[in-house]
Amino acid sequence: MRSPLSSNLIILIEKAIDDCFETGDGKSSNKDGIEVVAEWIESKREGYSVIHLTILENGVVKFSYDDYGTECVD
C-alpha cells in the first residue's frame, strides 16, 4: 500500500500552496477535473494574511479552507 502522503490531492495542494508563496497565488489541476486554488486573503487579525484553499471538481467547489497555519504579516 502506498503512503497517503503520495495522494494525488495532497500533491495538487502542495503545488498550489508552493506557487502561492512564490507568486502570490497558485493553481494546480489534474486530468480528472480536480483543481486546487490557493490565494492570500485577509486574516481575522488586522495586518495579517492567510492562504485560502479551494478544491474544485469539474468546476464545482467541493471544499474551501482558510489555513491559519500560513498566517503572515502583510
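**Exercise 1. Find the residue whose side chain makes a polar contact with that of Ser 43, and describe the setting of Ser 43.**

Step 1. The partner is Glu 71: the two side chains are joined by a polar contact of 2.4 Å. A polar contact is a pair of N or O atoms within 3.5 Å; within protein, one must be able to donate a hydrogen and the other to accept it, and residues adjacent in sequence count only if both atoms are side-chain atoms. This is a predicted model, where local features need pLDDT of at least 70 and side-chain atom pairs count only at pLDDT 80 or more, while totals for chains, interfaces and linings use all residues. Residues are numbered from 1 along each chain as its sequence is written, and side-chain values use heavy atoms, with hydrogens and water left out.

Step 2. Locate Ser 43. It lies in the loop between β2 (34-42) and β3 (48-57). Strands (E, at least two residues) and helices (H or I, at least four) are DSSP runs, numbered from the N terminus.

Step 3. Ser 43 has a relative accessible area of 5%, so it is buried. Buried means under 20% relative accessible area, exposed over 50%, partly exposed in between (1.4 Å probe, protein chains only).

Step 4. List the contacts (heavy atoms within 4.5 Å). Neighbours within four places in sequence aside, Ser 43 touches Tyr 48, Ser 49, Val 50, Tyr 68 and Glu 71.

**Exercise 2. Work out the strand order of the sheet and state which strands stand at the edges.**

Step 1. The protein has 1 helix and 4 strands. From the N terminus they run α-β-β-β-β.

Step 2. Order the strands. The 4 strands form an open sheet, β1-β2-β3-β4, with antiparallel pairing. Two strands pair if DSSP finds at least two bridges between them.

Step 3. Find the edges. β1 (25-29) and β4 (60-73) each have a single partner strand, so one side of each lacks a neighbour in the sheet. The twist from one strand to the next averages 15°.

Step 4. Place the helix. Helix α1 (residues 8-23) packs on the sheet and touches β1, β2, β3 and β4. Its direction makes about 155° with that of β1. Axes here are lines fitted to C-alpha atoms, for helices over the stretch in contact, and angles run from 0 to 180 degrees between N-to-C directions.

**Exercise 3. Trace the pairing of β2 with β1, then with β3.**

Step 1. Start with β1. It runs antiparallel to β2, and 5 bridges join them. Lys 27 has Val 37 as its bridge partner in β2. Ser 29 is bridged to Glu 35 in β2.

Step 2. Inspect the turn. The hairpin of β1 and β2 has 4 residues between the strands, and Gly 33 there takes a positive phi near 85°.

Step 3. Move to β3. β2 and β3 pair in the antiparallel sense over 9 bridges. Ile 34 stands opposite Glu 57 in β3.

Step 4. Inspect the next turn. Here 5 residues lie between the strands of the β2 and β3 hairpin, and Gly 47 takes a positive phi near 85°.

**Exercise 4. Decide whether Ile 11 is buried, partly exposed or exposed.**

Step 1. Locate Ile 11: it is in helix α1.

Step 2. Apply the cut-offs. Its relative accessibility is 45%, so Ile 11 counts as partly exposed.

Step 3. Relate Ile 11 to Ser 28. They are 17 residues apart along the chain, and their C-alpha atoms are separated by 9.0 Å.
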